[in-house]
Amino acid sequence: MEPFAFSRATDAAKAISAAARSSTAQQGAEVRFVAGGTTLLDLMKLNVERPTQVIDINHLPLADVERTPDGGLKIGALVRNSDLAHHPLVQRDYAVLSQALLSGASGQLRNMATTGGNLLQRTRCVYFRDTNMPCNKREPGTGCSAIDGFNRTLAILGTSEHCIATNPSDMNVALTTLEATVVIRGTGGERRVPIGEFFLLPGDTPQRETVMMPGDLITHVILPPPHPGARSHYLKLRDRASYEFALSSAAVVIAVQSGKITHARVAMGGVGTKPWRSPEAEQALQGQPPNEHTFATAAAAALNNAKPQSENGFKVELAKRCLTHALSTVAA
Amino acid sequence: MSEKKPGDIVDIQLGRRNFLQIVGITGAASGLGLPIAAQAAAIAAVAHSAADADGLVSVQLKVNGNVQTLKVDSRTTLLDALRDHLQLTGTKKGCDHGQCGACTVHVNGRRVNSCLSLAAMHEGDEVTTLEGLGQPGNLHPMQQAFLEHDGYQCGYCTSGQIMSAVALMKEPCGPANADVKEAMSGNICRCGAYSNIVAAIQQVRKA
(Lines give C-alpha, C1' and ligand atoms only; values in the text may rest on other atoms or scores of the structure.)
Protein backbone atom coordinates (compact mmCIF):
# COMPACT_ATOMS: atom_id res chain seq x y z
CA MET A 1 0.00 0.00 0.00
CA GLU A 2 1.28 3.47 -0.87
CA PRO A 3 1.79 5.96 2.00
CA PHE A 4 -0.99 8.47 2.62
CA ALA A 5 -1.86 11.21 5.06
CA PHE A 6 -4.80 10.35 7.31
CA SER A 7 -7.22 12.81 8.83
CA ARG A 8 -10.58 12.69 10.57
CA ALA A 9 -13.30 14.96 9.25
CA THR A 10 -15.38 16.67 11.90
CA ASP A 11 -17.07 19.04 9.49
CA ALA A 12 -18.49 18.20 6.04
CA ALA A 13 -17.64 21.58 4.49
CA LYS A 14 -13.97 21.31 5.42
CA ALA A 15 -13.76 17.73 4.22
CA ILE A 16 -15.31 18.77 0.89
CA SER A 17 -12.88 21.66 0.38
CA ALA A 18 -9.94 19.36 1.21
CA ALA A 19 -11.14 16.72 -1.24
CA ALA A 20 -11.76 19.35 -3.93
CA ARG A 21 -7.98 19.63 -4.36
CA SER A 22 -8.00 16.20 -5.97
CA SER A 23 -7.66 16.34 -9.76
CA THR A 24 -10.50 13.82 -10.12
CA ALA A 25 -13.08 12.04 -7.99
CA GLN A 26 -12.85 9.04 -10.31
CA GLN A 27 -10.08 6.48 -10.86
CA GLY A 28 -6.75 8.00 -9.81
CA ALA A 29 -8.18 10.35 -7.18
CA GLU A 30 -5.46 11.74 -4.90
CA VAL A 31 -7.92 12.34 -2.06
CA ARG A 32 -10.40 9.71 -0.92
CA PHE A 33 -13.08 9.72 1.74
CA VAL A 34 -13.22 6.50 3.75
CA ALA A 35 -16.34 5.24 5.52
CA GLY A 36 -16.67 1.45 5.71
CA GLY A 37 -13.40 0.96 3.87
CA THR A 38 -14.45 -2.38 2.39
CA THR A 39 -13.83 -1.34 -1.22
CA LEU A 40 -11.18 1.34 -0.73
CA LEU A 41 -8.83 -0.62 1.57
CA ASP A 42 -9.13 -3.70 -0.62
CA LEU A 43 -8.12 -1.72 -3.71
CA MET A 44 -5.39 0.22 -1.89
CA LYS A 45 -3.77 -3.07 -0.87
CA LEU A 46 -3.78 -4.03 -4.56
CA ASN A 47 -2.31 -0.63 -5.51
CA VAL A 48 -5.33 -0.07 -7.75
CA GLU A 49 -6.24 2.90 -5.55
CA ARG A 50 -3.30 5.09 -4.51
CA PRO A 51 -4.64 8.15 -2.70
CA THR A 52 -2.09 10.43 -1.03
CA GLN A 53 -4.72 11.61 1.43
CA VAL A 54 -7.51 9.64 3.11
CA ILE A 55 -10.21 11.49 5.02
CA ASP A 56 -12.21 9.50 7.56
CA ILE A 57 -15.83 10.67 7.35
CA ASN A 58 -17.25 8.21 9.89
CA HIS A 59 -17.86 10.91 12.47
CA LEU A 60 -20.02 13.12 10.24
CA PRO A 61 -23.71 13.12 11.26
CA LEU A 62 -24.99 11.17 8.24
CA ALA A 63 -26.17 7.90 9.81
CA ASP A 64 -29.93 8.48 10.14
CA VAL A 65 -32.90 7.00 8.30
CA GLU A 66 -35.91 9.30 8.37
CA ARG A 67 -39.31 9.71 6.72
CA THR A 68 -39.63 12.53 4.21
CA PRO A 69 -42.70 14.81 4.38
CA ASP A 70 -44.17 13.14 1.28
CA GLY A 71 -43.88 9.63 2.75
CA GLY A 72 -40.57 8.65 1.18
CA LEU A 73 -37.35 7.80 2.97
CA LYS A 74 -34.16 9.81 3.49
CA ILE A 75 -31.17 7.54 4.11
CA GLY A 76 -27.91 8.96 5.44
CA ALA A 77 -24.80 8.08 3.47
CA LEU A 78 -23.21 6.51 6.56
CA VAL A 79 -26.10 4.13 7.31
CA ARG A 80 -24.54 0.67 7.32
CA ASN A 81 -25.87 -1.89 4.88
CA SER A 82 -26.99 -4.23 7.70
CA ASP A 83 -28.86 -1.44 9.51
CA LEU A 84 -30.61 -0.35 6.32
CA ALA A 85 -31.57 -3.93 5.42
CA HIS A 86 -33.15 -4.51 8.84
CA HIS A 87 -34.79 -1.09 9.18
CA PRO A 88 -38.55 -1.64 9.77
CA LEU A 89 -39.60 0.98 7.19
CA VAL A 90 -37.29 -0.49 4.54
CA GLN A 91 -38.56 -4.00 5.23
CA ARG A 92 -42.18 -2.85 5.08
CA ASP A 93 -42.14 -0.40 2.17
CA TYR A 94 -39.04 -1.28 0.13
CA ALA A 95 -38.64 -5.05 0.46
CA VAL A 96 -36.57 -5.19 -2.72
CA LEU A 97 -33.92 -2.99 -1.11
CA SER A 98 -33.74 -5.07 2.06
CA GLN A 99 -33.51 -8.29 0.06
CA ALA A 100 -30.83 -6.88 -2.24
CA LEU A 101 -28.70 -5.69 0.68
CA LEU A 102 -28.96 -9.03 2.49
CA SER A 103 -27.99 -10.93 -0.67
CA GLY A 104 -24.73 -9.00 -0.92
CA ALA A 105 -21.36 -9.68 0.74
CA SER A 106 -21.26 -11.19 4.26
CA GLY A 107 -22.59 -10.31 7.70
CA GLN A 108 -19.27 -8.72 8.62
CA LEU A 109 -18.98 -6.66 5.43
CA ARG A 110 -22.60 -5.49 5.68
CA ASN A 111 -21.85 -4.18 9.19
CA MET A 112 -19.06 -2.05 7.70
CA ALA A 113 -20.23 -1.04 4.23
CA THR A 114 -22.25 2.17 3.97
CA THR A 115 -25.00 3.41 1.70
CA GLY A 116 -22.74 6.03 0.11
CA GLY A 117 -19.84 3.64 -0.24
CA ASN A 118 -21.94 0.92 -1.84
CA LEU A 119 -23.04 3.44 -4.50
CA LEU A 120 -19.34 3.84 -5.35
CA GLN A 121 -18.47 0.14 -5.20
CA ARG A 122 -15.98 -0.82 -7.93
CA THR A 123 -16.08 -3.60 -10.46
CA ARG A 124 -14.76 -7.08 -9.69
CA CYS A 125 -13.25 -7.48 -13.17
CA VAL A 126 -10.02 -9.39 -12.50
CA TYR A 127 -8.04 -7.19 -14.91
CA PHE A 128 -9.10 -4.00 -13.14
CA ARG A 129 -7.85 -5.52 -9.89
CA ASP A 130 -4.50 -6.67 -11.33
CA THR A 131 -2.01 -3.84 -11.90
CA ASN A 132 0.13 -6.13 -14.08
CA MET A 133 -2.57 -6.21 -16.76
CA PRO A 134 -3.77 -3.56 -19.22
CA CYS A 135 -7.11 -2.03 -18.21
CA ASN A 136 -8.74 1.06 -19.69
CA LYS A 137 -10.68 1.70 -16.49
CA ARG A 138 -7.58 1.68 -14.29
CA GLU A 139 -5.10 3.11 -16.81
CA PRO A 140 -6.90 4.76 -19.73
CA GLY A 141 -5.51 3.90 -23.13
CA THR A 142 -3.79 0.65 -22.15
CA GLY A 143 -6.52 -1.56 -23.62
CA CYS A 144 -9.15 -3.95 -22.32
CA SER A 145 -7.76 -7.35 -21.32
CA ALA A 146 -11.21 -8.76 -20.65
CA ILE A 147 -12.65 -8.56 -24.16
CA ASP A 148 -10.37 -11.38 -25.33
CA GLY A 149 -9.75 -12.75 -21.86
CA PHE A 150 -11.64 -14.14 -18.89
CA ASN A 151 -15.01 -12.47 -19.27
CA ARG A 152 -17.44 -15.08 -17.96
CA THR A 153 -18.68 -12.82 -15.16
CA LEU A 154 -18.64 -9.56 -17.11
CA ALA A 155 -21.27 -7.41 -18.75
CA ILE A 156 -23.51 -8.03 -21.75
CA LEU A 157 -25.37 -4.71 -21.60
CA GLY A 158 -23.95 -1.19 -21.84
CA THR A 159 -20.49 -2.34 -22.89
CA SER A 160 -18.11 -0.54 -25.23
CA GLU A 161 -15.04 -1.60 -27.18
CA HIS A 162 -13.02 -0.12 -24.30
CA CYS A 163 -14.63 -1.77 -21.27
CA ILE A 164 -17.03 -4.58 -20.37
CA ALA A 165 -16.71 -4.41 -16.58
CA THR A 166 -19.82 -5.18 -14.54
CA ASN A 167 -21.17 -2.99 -11.76
CA PRO A 168 -21.08 -5.46 -8.85
CA SER A 169 -23.55 -3.90 -6.42
CA ASP A 170 -26.88 -5.45 -5.41
CA MET A 171 -28.04 -2.35 -3.52
CA ASN A 172 -27.61 -0.17 -6.62
CA VAL A 173 -29.94 -2.42 -8.62
CA ALA A 174 -32.67 -2.07 -6.00
CA LEU A 175 -32.14 1.71 -5.76
CA THR A 176 -32.44 1.91 -9.55
CA THR A 177 -35.75 0.09 -9.61
CA LEU A 178 -36.97 2.28 -6.72
CA GLU A 179 -35.98 5.45 -8.65
CA ALA A 180 -33.83 6.77 -5.82
CA THR A 181 -32.21 10.19 -5.80
CA VAL A 182 -28.58 10.66 -4.75
CA VAL A 183 -27.95 13.82 -2.72
CA ILE A 184 -24.44 15.16 -3.31
CA ARG A 185 -22.78 18.06 -1.52
CA GLY A 186 -19.85 19.65 -3.31
CA THR A 187 -17.97 22.92 -3.50
CA GLY A 188 -20.90 24.49 -5.35
CA GLY A 189 -23.48 23.42 -2.77
CA GLU A 190 -25.99 20.57 -2.82
CA ARG A 191 -27.40 18.86 -5.89
CA ARG A 192 -29.82 15.99 -6.36
CA VAL A 193 -29.08 13.42 -9.03
CA PRO A 194 -31.64 10.79 -10.11
CA ILE A 195 -29.97 7.39 -9.83
CA GLY A 196 -30.53 6.81 -13.53
CA GLU A 197 -28.18 9.71 -14.22
CA PHE A 198 -25.67 8.98 -11.43
CA PHE A 199 -23.87 6.11 -13.19
CA LEU A 200 -22.14 6.60 -16.55
CA LEU A 201 -21.71 4.12 -19.37
CA PRO A 202 -18.06 3.28 -20.08
CA GLY A 203 -18.03 4.54 -23.68
CA ASP A 204 -14.49 5.70 -24.43
CA THR A 205 -13.92 6.96 -20.85
CA PRO A 206 -14.39 3.85 -18.67
CA GLN A 207 -12.31 5.48 -15.92
CA ARG A 208 -15.31 7.76 -15.32
CA GLU A 209 -18.01 5.71 -13.58
CA THR A 210 -20.24 8.30 -11.96
CA VAL A 211 -21.03 12.03 -12.05
CA MET A 212 -18.94 12.58 -8.90
CA MET A 213 -16.60 15.60 -9.15
CA PRO A 214 -13.61 16.53 -6.95
CA GLY A 215 -14.85 17.40 -3.46
CA ASP A 216 -18.23 15.75 -3.94
CA LEU A 217 -19.58 14.01 -0.85
CA ILE A 218 -22.67 11.80 -1.04
CA THR A 219 -24.73 12.84 1.98
CA HIS A 220 -28.06 11.02 1.48
CA VAL A 221 -30.11 8.76 -0.73
CA ILE A 222 -33.79 9.63 -1.02
CA LEU A 223 -36.46 7.08 -1.91
CA PRO A 224 -39.79 8.29 -3.26
CA PRO A 225 -42.94 7.10 -1.43
CA PRO A 226 -43.74 3.45 -2.16
CA HIS A 227 -46.17 3.03 -5.07
CA PRO A 228 -49.64 2.25 -3.64
CA GLY A 229 -50.41 -1.44 -3.78
CA ALA A 230 -47.08 -2.38 -5.34
CA ARG A 231 -45.03 -5.43 -4.36
CA SER A 232 -41.32 -5.79 -4.89
CA HIS A 233 -38.72 -8.53 -5.02
CA TYR A 234 -34.97 -9.10 -5.56
CA LEU A 235 -33.69 -12.34 -7.07
CA LYS A 236 -29.96 -13.02 -7.31
CA LEU A 237 -28.35 -15.91 -9.22
CA ARG A 238 -24.68 -16.75 -8.61
CA ASP A 239 -22.08 -19.50 -8.63
CA ARG A 240 -22.41 -20.13 -4.88
CA ALA A 241 -25.49 -20.11 -2.66
CA SER A 242 -24.14 -17.20 -0.61
CA TYR A 243 -21.32 -14.64 -0.39
CA GLU A 244 -20.79 -14.23 -4.14
CA PHE A 245 -21.42 -11.55 -6.74
CA ALA A 246 -24.37 -11.89 -9.09
CA LEU A 247 -24.10 -13.55 -12.46
CA SER A 248 -27.56 -12.13 -12.96
CA SER A 249 -30.04 -10.44 -10.65
CA ALA A 250 -33.41 -8.77 -10.99
CA ALA A 251 -35.09 -6.07 -8.91
CA VAL A 252 -38.77 -5.66 -9.72
CA VAL A 253 -41.66 -3.54 -8.46
CA ILE A 254 -45.12 -4.46 -9.75
CA ALA A 255 -48.66 -3.26 -9.03
CA VAL A 256 -51.64 -5.19 -10.38
CA GLN A 257 -55.24 -3.92 -10.52
CA SER A 258 -58.23 -5.76 -12.00
CA GLY A 259 -55.98 -8.36 -13.62
CA LYS A 260 -53.71 -5.83 -15.36
CA ILE A 261 -50.22 -4.59 -14.48
CA THR A 262 -50.64 -0.89 -13.65
CA HIS A 263 -47.08 -0.13 -12.50
CA ALA A 264 -43.83 -1.85 -13.41
CA ARG A 265 -40.23 -1.00 -12.58
CA VAL A 266 -37.46 -3.38 -13.64
CA ALA A 267 -33.69 -3.30 -13.12
CA MET A 268 -31.04 -5.97 -13.54
CA GLY A 269 -27.67 -6.60 -11.91
CA GLY A 270 -24.65 -8.69 -12.87
CA VAL A 271 -25.23 -8.11 -16.57
CA GLY A 272 -24.69 -4.38 -17.07
CA THR A 273 -21.79 -1.95 -16.93
CA LYS A 274 -24.07 0.01 -14.62
CA PRO A 275 -27.18 -0.98 -12.62
CA TRP A 276 -29.41 -1.74 -15.60
CA ARG A 277 -32.90 -0.26 -15.73
CA SER A 278 -35.02 -1.73 -18.51
CA PRO A 279 -37.69 0.62 -19.86
CA GLU A 280 -38.24 -1.97 -22.62
CA ALA A 281 -39.33 -4.57 -20.06
CA GLU A 282 -41.44 -2.03 -18.19
CA GLN A 283 -43.23 -1.08 -21.39
CA ALA A 284 -43.87 -4.75 -22.20
CA LEU A 285 -45.42 -5.26 -18.73
CA GLN A 286 -47.56 -2.12 -18.56
CA GLY A 287 -51.27 -2.84 -19.02
CA GLN A 288 -50.76 -6.56 -19.57
CA PRO A 289 -52.11 -9.47 -17.50
CA PRO A 290 -49.50 -10.82 -15.03
CA ASN A 291 -48.81 -14.22 -16.56
CA GLU A 292 -45.86 -16.25 -17.86
CA HIS A 293 -46.32 -15.05 -21.43
CA THR A 294 -46.18 -11.39 -20.37
CA PHE A 295 -43.13 -11.99 -18.20
CA ALA A 296 -41.28 -13.91 -20.92
CA THR A 297 -42.06 -11.14 -23.43
CA ALA A 298 -40.75 -8.52 -21.00
CA ALA A 299 -37.59 -10.54 -20.32
CA ALA A 300 -36.92 -10.95 -24.04
CA ALA A 301 -37.34 -7.19 -24.49
CA ALA A 302 -34.92 -6.49 -21.63
CA LEU A 303 -32.17 -8.59 -23.24
CA ASN A 304 -32.87 -7.57 -26.82
CA ASN A 305 -29.72 -5.45 -27.07
CA ALA A 306 -27.45 -7.85 -25.17
CA LYS A 307 -23.95 -8.22 -26.59
CA PRO A 308 -22.32 -11.38 -25.22
CA GLN A 309 -18.56 -11.84 -25.07
CA SER A 310 -16.59 -15.05 -25.68
CA GLU A 311 -17.38 -16.63 -22.30
CA ASN A 312 -20.58 -15.04 -21.04
CA GLY A 313 -23.17 -15.90 -23.69
CA PHE A 314 -25.00 -17.98 -21.08
CA LYS A 315 -25.91 -14.77 -19.28
CA VAL A 316 -28.47 -13.81 -21.92
CA GLU A 317 -30.72 -16.78 -21.15
CA LEU A 318 -29.85 -16.69 -17.44
CA ALA A 319 -30.88 -13.04 -17.17
CA LYS A 320 -34.16 -13.73 -18.98
CA ARG A 321 -35.01 -16.60 -16.65
CA CYS A 322 -33.93 -14.54 -13.64
CA LEU A 323 -36.24 -11.69 -14.61
CA THR A 324 -39.13 -14.02 -15.47
CA HIS A 325 -38.80 -15.82 -12.14
CA ALA A 326 -38.61 -12.57 -10.17
CA LEU A 327 -41.73 -11.25 -11.90
CA SER A 328 -43.59 -14.53 -11.32
CA THR A 329 -42.64 -14.44 -7.64
CA VAL A 330 -43.82 -10.89 -7.07
CA ALA A 331 -47.06 -11.38 -9.03
CA ALA A 332 -47.94 -14.68 -7.31
CA MET B 1 6.78 -18.74 19.52
CA SER B 2 5.99 -18.80 23.24
CA GLU B 3 9.47 -17.47 24.08
CA LYS B 4 9.08 -14.39 21.91
CA LYS B 5 9.21 -11.28 24.06
CA PRO B 6 7.05 -8.25 23.23
CA GLY B 7 10.22 -6.14 23.09
CA ASP B 8 11.54 -8.10 20.11
CA ILE B 9 8.46 -7.29 18.13
CA VAL B 10 8.61 -3.59 18.92
CA ASP B 11 12.24 -3.38 17.79
CA ILE B 12 11.40 -5.02 14.49
CA GLN B 13 8.53 -2.62 13.96
CA LEU B 14 10.65 0.45 14.60
CA GLY B 15 13.06 -0.69 11.93
CA ARG B 16 10.30 -1.35 9.44
CA ARG B 17 8.58 1.92 10.26
CA ASN B 18 11.72 3.96 9.59
CA PHE B 19 12.18 2.16 6.32
CA LEU B 20 8.61 2.85 5.26
CA GLN B 21 8.92 6.52 6.18
CA ILE B 22 11.88 6.88 3.84
CA VAL B 23 10.01 5.05 1.10
CA GLY B 24 7.01 7.26 1.81
CA ILE B 25 8.90 10.50 1.27
CA THR B 26 10.37 9.21 -1.97
CA GLY B 27 6.97 7.98 -3.12
CA ALA B 28 5.26 11.31 -2.51
CA ALA B 29 8.00 13.26 -4.25
CA SER B 30 7.94 11.04 -7.29
CA GLY B 31 4.86 12.84 -8.51
CA LEU B 32 2.10 10.34 -7.79
CA GLY B 33 -0.75 12.64 -6.90
CA LEU B 34 -0.54 16.04 -5.31
CA PRO B 35 2.69 17.98 -4.73
CA ILE B 36 3.78 17.89 -1.09
CA ALA B 37 2.91 21.55 -0.49
CA ALA B 38 -0.60 21.01 -1.81
CA GLN B 39 -0.95 17.92 0.36
CA ALA B 40 0.00 19.87 3.45
CA ALA B 41 -2.54 22.55 2.57
CA ALA B 42 -5.17 19.93 1.96
CA ILE B 43 -4.53 18.30 5.31
CA ALA B 44 -4.68 21.64 7.08
CA ALA B 45 -8.06 22.26 5.49
CA VAL B 46 -9.59 19.28 7.29
CA ALA B 47 -10.77 20.13 10.77
CA HIS B 48 -8.85 17.45 12.59
CA SER B 49 -5.65 16.06 11.19
CA ALA B 50 -4.82 12.93 13.11
CA ALA B 51 -1.15 12.72 12.13
CA ASP B 52 1.62 13.80 14.48
CA ALA B 53 4.77 15.61 13.43
CA ASP B 54 6.49 12.25 12.99
CA GLY B 55 3.87 11.21 10.47
CA LEU B 56 2.31 8.60 12.71
CA VAL B 57 -1.38 8.58 13.57
CA SER B 58 -2.54 8.52 17.17
CA VAL B 59 -5.58 6.47 18.04
CA GLN B 60 -7.13 5.59 21.37
CA LEU B 61 -9.42 2.59 21.53
CA LYS B 62 -10.61 0.09 24.10
CA VAL B 63 -9.55 -3.48 23.41
CA ASN B 64 -11.07 -6.27 25.51
CA GLY B 65 -11.91 -3.69 28.16
CA ASN B 66 -8.48 -2.04 28.30
CA VAL B 67 -7.87 1.48 26.97
CA GLN B 68 -5.00 1.43 24.49
CA THR B 69 -3.26 4.43 22.94
CA LEU B 70 -1.39 3.60 19.76
CA LYS B 71 0.80 5.54 17.37
CA VAL B 72 0.67 3.80 14.04
CA ASP B 73 1.62 4.24 10.42
CA SER B 74 -1.57 5.44 8.71
CA ARG B 75 -1.64 2.24 6.64
CA THR B 76 -1.92 -0.02 9.70
CA THR B 77 -5.11 -2.04 9.58
CA LEU B 78 -7.07 -2.81 12.73
CA LEU B 79 -5.94 -6.42 12.24
CA ASP B 80 -2.25 -5.52 12.16
CA ALA B 81 -2.64 -3.18 15.12
CA LEU B 82 -4.17 -6.00 17.18
CA ARG B 83 -1.61 -8.60 16.15
CA ASP B 84 1.62 -6.62 15.79
CA HIS B 85 1.16 -3.70 18.18
CA LEU B 86 -0.92 -5.30 20.94
CA GLN B 87 0.34 -8.88 20.45
CA LEU B 88 -3.24 -10.17 20.37
CA THR B 89 -2.47 -12.93 17.89
CA GLY B 90 -5.71 -14.83 18.45
CA THR B 91 -7.11 -12.85 15.53
CA LYS B 92 -5.79 -14.39 12.31
CA LYS B 93 -4.77 -12.93 8.97
CA GLY B 94 -6.09 -15.07 6.15
CA CYS B 95 -6.72 -13.41 2.79
CA ASP B 96 -6.27 -9.81 4.04
CA HIS B 97 -9.02 -8.75 1.57
CA GLY B 98 -12.27 -9.38 3.44
CA GLN B 99 -12.96 -12.63 1.66
CA CYS B 100 -12.25 -15.30 4.30
CA GLY B 101 -13.42 -13.98 7.68
CA ALA B 102 -10.40 -15.23 9.67
CA CYS B 103 -9.80 -11.68 10.97
CA THR B 104 -13.34 -11.21 12.35
CA VAL B 105 -13.52 -9.14 15.55
CA HIS B 106 -16.28 -7.17 17.24
CA VAL B 107 -16.29 -3.37 17.01
CA ASN B 108 -18.84 -1.80 19.35
CA GLY B 109 -20.51 -5.20 19.61
CA ARG B 110 -20.78 -5.88 15.87
CA ARG B 111 -18.68 -8.28 13.84
CA VAL B 112 -16.39 -6.79 11.19
CA ASN B 113 -13.42 -7.81 9.04
CA SER B 114 -10.52 -6.18 10.85
CA CYS B 115 -8.32 -6.47 7.72
CA LEU B 116 -10.45 -3.98 5.75
CA SER B 117 -10.41 -1.28 8.36
CA LEU B 118 -7.67 1.15 9.29
CA ALA B 119 -6.73 1.21 12.96
CA ALA B 120 -6.90 5.00 12.79
CA MET B 121 -10.61 4.78 11.92
CA HIS B 122 -11.38 3.34 15.36
CA GLU B 123 -10.81 6.30 17.64
CA GLY B 124 -13.03 5.75 20.70
CA ASP B 125 -14.28 2.34 19.57
CA GLU B 126 -14.60 -0.76 21.72
CA VAL B 127 -12.97 -3.78 20.15
CA THR B 128 -13.37 -7.37 21.32
CA THR B 129 -11.08 -10.14 20.11
CA LEU B 130 -11.13 -13.85 20.82
CA GLU B 131 -8.90 -13.22 23.84
CA GLY B 132 -11.65 -11.02 25.28
CA LEU B 133 -14.35 -13.67 24.91
CA GLY B 134 -12.93 -16.25 27.27
CA GLN B 135 -9.76 -17.86 28.49
CA PRO B 136 -8.77 -21.46 29.30
CA GLY B 137 -10.71 -22.43 32.40
CA ASN B 138 -13.33 -19.76 31.72
CA LEU B 139 -14.41 -20.34 28.14
CA HIS B 140 -17.26 -18.53 26.43
CA PRO B 141 -20.14 -20.98 25.75
CA MET B 142 -19.40 -20.71 22.01
CA GLN B 143 -15.73 -21.64 22.53
CA GLN B 144 -16.86 -24.60 24.66
CA ALA B 145 -19.37 -25.69 22.00
CA PHE B 146 -16.71 -25.59 19.25
CA LEU B 147 -14.58 -27.88 21.43
CA GLU B 148 -17.45 -30.26 22.11
CA HIS B 149 -18.52 -30.46 18.46
CA ASP B 150 -15.03 -30.56 16.98
CA GLY B 151 -15.82 -27.38 15.02
CA TYR B 152 -12.37 -27.18 13.43
CA GLN B 153 -9.55 -29.18 11.99
CA CYS B 154 -6.42 -27.05 11.47
CA GLY B 155 -7.91 -24.26 13.59
CA TYR B 156 -6.78 -21.29 11.55
CA CYS B 157 -10.28 -20.02 10.78
CA THR B 158 -11.65 -20.91 14.23
CA SER B 159 -11.08 -17.57 15.92
CA GLY B 160 -13.00 -15.77 13.17
CA GLN B 161 -15.70 -18.43 13.14
CA ILE B 162 -16.26 -18.07 16.88
CA MET B 163 -16.28 -14.26 16.79
CA SER B 164 -18.78 -14.37 13.95
CA ALA B 165 -20.92 -16.96 15.73
CA VAL B 166 -21.05 -14.96 18.96
CA ALA B 167 -22.11 -11.81 17.09
CA LEU B 168 -24.70 -13.83 15.22
CA MET B 169 -26.51 -14.51 18.51
CA LYS B 170 -27.61 -10.85 18.58
CA GLU B 171 -28.50 -10.57 14.88
CA PRO B 172 -31.80 -11.33 13.15
CA CYS B 173 -31.34 -14.94 12.04
CA GLY B 174 -33.89 -17.68 11.45
CA PRO B 175 -33.85 -20.93 13.45
CA ALA B 176 -32.87 -23.39 10.70
CA ASN B 177 -29.40 -24.76 9.94
CA ALA B 178 -29.75 -23.11 6.53
CA ASP B 179 -30.22 -19.73 8.24
CA VAL B 180 -27.02 -20.25 10.24
CA LYS B 181 -25.12 -21.27 7.11
CA GLU B 182 -26.26 -18.12 5.30
CA ALA B 183 -25.35 -15.92 8.26
CA MET B 184 -21.93 -17.59 8.57
CA SER B 185 -21.08 -17.50 4.85
CA GLY B 186 -18.46 -14.80 5.41
CA ASN B 187 -16.27 -17.27 7.30
CA ILE B 188 -14.48 -19.78 5.10
CA CYS B 189 -13.16 -23.08 6.52
CA ARG B 190 -10.53 -24.59 4.25
CA CYS B 191 -10.76 -27.92 6.12
CA GLY B 192 -14.51 -28.11 5.65
CA ALA B 193 -15.63 -28.40 9.27
CA TYR B 194 -18.86 -26.64 8.39
CA SER B 195 -21.39 -29.20 9.69
CA ASN B 196 -19.68 -29.32 13.09
CA ILE B 197 -19.49 -25.53 13.19
CA VAL B 198 -23.23 -25.28 12.51
CA ALA B 199 -23.92 -27.91 15.19
CA ALA B 200 -21.84 -25.97 17.73
CA ILE B 201 -23.64 -22.70 16.96
CA GLN B 202 -27.08 -24.32 17.09
CA GLN B 203 -26.29 -25.87 20.49
CA VAL B 204 -25.49 -22.45 21.95
CA ARG B 205 -28.52 -20.82 20.28
CA LYS B 206 -30.85 -23.46 21.73
CA ALA B 207 -29.29 -23.38 25.20
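I am working on a predicted model, where local features need pLDDT of at least 70, side-chain atom pairs count only at pLDDT 80 or more, and totals for chains, interfaces and linings use all residues. Residues are numbered from 1 along each chain as its sequence is written, while chains are lettered from A and ligands numbered from 1 in the order in which they are written.

**Domains.** I looked up the domain assignment (bounds are automatic or from a database). It gives domain 1 (5-56) and domain 2 (231-331) of chain A. Their centres, taken over C-alpha atoms, are 35 Å apart.

I took helices (H or I, at least four residues) and strands (E, at least two) as DSSP runs, numbered from the N terminus. Pairing needs at least two DSSP bridges between two strands. Strand 1 (residues 5-8) of chain A runs parallel to strand 3 of chain A, with four bridges. Ala5(A) has Gln53(A) of strand 3 as its bridge partner. Strand 2 (residues 31-34) of chain A also pairs with strand 3 in the parallel sense, over four bridges. Here Arg32(A) is bridged to Val54(A). From strand 2 the chain passes through helix 2 (residues 40-45) of chain A to strand 3, a right-handed β-α-β crossover (clockwise from the first strand over the helix to the second, with the strands pointing away from the viewer).

I then checked the side chains of strand 3 (residues 53-56) of chain A. Gln53(A) and Ile55(A) point one way, Val54(A) and Asp56(A) the other, and all are buried (20 or more other C-beta atoms within 10 Å of the residue's own, C-beta atoms being placed from the backbone).

**Open sheet.** Strands 9-10-11-12 of chain A form an open antiparallel sheet in that order. Strand 9 (231-237) and strand 12 (276-277) of chain A are the edges, each with a single partner strand, so one side of each lacks a neighbour in the sheet. Strand 11 (residues 260-269) of chain A meets strand 12 over two antiparallel bridges. Met268(A) is opposite Trp276(A) of strand 12. Helix 12 (residues 314-331) of chain A packs on the sheet, touching strands 9, 10 and 11 of chain A.

**Helix 5.** Which strands does helix 5 of chain A lie across? Helix 5 (residues 95-103) of chain A lies across strand 9 and strand 10 (248-257) of chain A. Eight of its nine residues are buried, so helix 5 of chain A is largely enclosed by the rest of the structure. Among them are Val96(A), Leu97(A) and Leu101(A). Ala105(A) follows helix 5 of chain A, with a positive phi near 55°.

Conventions
Contact = placed C-beta atoms within 7 Å. Axes fitted to C-alpha atoms, helices over the stretch in contact; angles between N-to-C directions. Buried ≥ 20, exposed ≤ 12 C-beta atoms within 10 Å, placed from the backbone.
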